[in-house]
Amino acid sequence: MSLPPPDTATRFATVVLVGRPNAGKSSLLNALVGQRLAIVSAKPQSTRTPVTGIWTEGDTQLAFIDPPGLLEPTYLLQNAMLEAAHEALAIADLALYLHPATDGPPPDVAGLLPEGVHLPPHVLTLLTKCDLQPSAVPAV
């Protein structure tokens, strides 16, 4: 393995896909990396451990992490899944907060997290499932 010359700047960031279960995180991960890495199912909570996909373009690499969804745990497995999501947030440079457009305006993502769990320095909110939203413009 050879290292790049010292004058070549390589850029890398970790991006976590965060949101409630079934918000479209796994679908987005698969689309971003161009491969089916994560399970996509209509059944919520299919992702039980974080799935990582790498996107590379030129001298830039992004590691996308698809953790389990943010939920109110009711049993031990859900507690472990939620902890995995919190750990993914702790190492991220950027969070993409996914919220289905069909669920109305997105709540503040910080409100979905317990006290002591912090978001990365940068958070972008993405509305998903827009294709399922009834059109606001009447057909002509």
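**Terms and model**

I count a residue as buried under 20% relative accessible area, exposed over 50%, and partly exposed in between, with a 1.4 Å probe and protein chains only. I am working on a predicted model, in which local features need pLDDT of at least 70, side-chain atom pairs count only at pLDDT 80 or more, and totals for chains, interfaces and linings use all residues. Residues are numbered from 1 along each chain as its sequence is written, and side-chain values use heavy atoms, with hydrogens and water left out.

**Chain overview**

I looked up the secondary structure and found two helices and five strands in the chain. Helices (H or I, at least four residues) and strands (E, at least two) are DSSP runs, numbered from the N terminus. Along the sequence I read the pattern β-α-β-β-α-β-β.

I then took the totals. Of the 140 residues in the chain, 33% are buried. The accessible surface comes to about 8800 Å², and carbon and sulfur atoms hold 58% of it. These areas come from the Shrake-Rupley method with a 1.4 Å probe; for residues, only the protein chains shown count as cover. Contact means heavy atoms within 4.5 Å. Among contacts with a separation of 6 or more, 60% are between residues 24 or more positions apart.

**Sheet**

I traced the strand order next. The five strands form an open sheet, β2-β3-β1-β4-β5, with mixed pairing. Two strands pair if DSSP finds at least two bridges between them. β2 and β5 are the edge strands with a single partner each, so one side of each has no neighbour in the sheet. Neighbouring strands are turned by 25 degrees against each other on average, direction ignored. For such angles, axes are lines fitted to C-alpha atoms, for helices over the stretch in contact, and values run from 0 to 180 degrees between N-to-C directions.

- β1 and β3 (residues 60-66) run parallel and are joined by six bridges; here V15 stands opposite F64.
- β2 (residues 51-57) and β3 run antiparallel and are joined by seven bridges; I54 has A63 as its bridge partner.
- β1 and β4 run parallel with four bridges, and L17 stands opposite L96 of β4.

I also checked the hairpin of β2 and β3, which has two residues between the strands; G58 takes a positive phi near 60 degrees there.

**Helices on the sheet**

I listed the buried residues of α1: K25, S26, L29, N30 and V33. Seen down the axis of α1, these fall within an arc of 135 degrees, so they line one face of the helix. The arc is that of the directions from the helix axis to the C-beta atoms. As background, an α-helix has 3.6 residues a turn, so residues three or four places apart point the same way. The buried residues of α1 pack against β1, β2, β3 and β4. Just after α1, G34 takes a positive phi of about 75 degrees.

For the other helix, I noted that α2 lies across β1, β3 and β4, at about 150 degrees to β1.

**Nonpolar cores**

I define a nonpolar core as a set of buried Ala, Val, Leu, Ile, Met, Phe, Trp, Tyr and Cys residues joined through side-chain atoms within 4.5 Å. The largest core has 14 residues, and V16, V18, L70, L89, A95 and Y97 have the most contacts inside it. β1 (11-18), α2 (76-91) and β4 (94-100) each supply at least two of its residues. The most comes from α2, with four residues. Apart from this core I found another of nine residues, among them V15, A38, L96 and L98.

I looked up the neighbours of A95 beyond four places away in sequence. A95 touches V16, V18, L89, P120, H122, V123 and L124.

Most residues other than glycine have a negative phi, so I searched for exceptions. N22 is one of them, with a phi of about 65 degrees. N22 sits in the loop between β1 and α1 (25-33) and is partly exposed, at a relative accessible area of 29%. K129 is also not a glycine and has a positive phi of about 55 degrees. K129 lies in the segment after β5 (122-128) and is partly exposed as well, with a relative accessible area of 27%.
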